[in-house]
Amino acid sequence: MDATIYHHPRCTTSRKALDRLRDAGIEPAVVKYVDEGWTEAQLRELFDAAGLTPGQAVRKREKLYTELGLADATDDELLAAMVEHPVLVERPFVVTAKGTRLARPLERLDEIL
């Protein structure tokens with residue numbers, strides 16, 4: 001099975017999701033999105049596929065979220081902030097032929113494996 005994980009190596013949940021994929025016999029394409037960044041179109045496509053809004057996919061516990069005053073931001077403002085600061089995107093997102101999920105909690109991966 002082909003899979004892609006949008007991965008942040010410093011994130012425990014992201015590392016556990018990568019391990020779970022490998023334990024299932026899947027060697028996914030690994031996109032280190034914090035290094036590579038996003039375009040607005042990529043984020044819109046990813047969130048749409050996962051059935052999430054930008055407000056549901058932003059890392060509210062990220063210090064930068066508070067520093068930028070994003071609590072009352074619109075979806076368009078959140079998307080712009082996530083493009084400028086990729087660390088604001090919740091993680092990890094996993095894409096397989098069976099769908100796209102934000103793997104939080106980790107058990108959500110089971111839906112697309």
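How many residues lie between β3 and β4 in the hairpin they form? The views below, taken from a predicted model, start with this hairpin.

**View 1. The hairpin of β3 and β4.** Two residues lie between β3 and β4 in this hairpin. The strands β3 and β4 (residues 99–102) are antiparallel and are joined by four bridges. One of the bridge pairs consists of Thr 96 and Gly 99, the latter in β4.

**View 2. Strand β1 beside β3.** Strand β1 (residues 3–6) runs antiparallel to strand β3 (residues 93–96), and four bridges connect them. Val 94 in β3 is found opposite Ile 5.

**View 3. An aromatic cluster.** Tyr 6, Tyr 33 and Trp 38 make up one aromatic cluster. The structure as a whole has three aromatic pairs. The ring centres of Tyr 6 and Trp 38 are 5.2 Å apart and their planes are at 35°, so this pair is tilted. Tyr 6 belongs to strand β1, while Trp 38 sits in the loop between α2 (33–36) and α3; they are 32 residues apart, and the pair links distant parts of the chain. Tyr 33 and Trp 38 also form a tilted pair, with 5.2 Å centre to centre and 35° between the planes. Tyr 6 and Trp 38 are buried, and Tyr 33 is buried too.

**View 4. The largest nonpolar core.** This core has 24 residues, and Phe 47, Met 82, Leu 88, Val 89 and Phe 93 have the most contacts inside it. At least two of its residues come from each of α3 (40–50), α5 (63–67) and α6 (75–84). Another core, of 11 residues, lies apart from it and includes Val 94, Ala 103, Leu 106 and Leu 109.

**View 5. The surroundings of Leu 88.** Beyond its neighbours within four places in sequence, Leu 88 contacts residues including Ala 57, Val 58, Leu 64, Tyr 65 and Met 82.

Note on methods
Residues numbered from 1 in each chain as written. Predicted model: local features only at pLDDT ≥ 70, side-chain atom pairs only at ≥ 80, totals over all residues. Heavy atoms only, no water. Core = buried A, V, L, I, M, F, W, Y, C linked by side-chain atoms within 4.5 Å. Buried < 20%, exposed > 50% of the residue type's maximum accessible area, 1.4 Å probe, protein only. Contact = heavy atoms within 4.5 Å. Pairing = 2+ DSSP bridges. Phe/Tyr/Trp six-rings, centres within 6.5 Å; stacked < 30°, edge-to-face > 60°.
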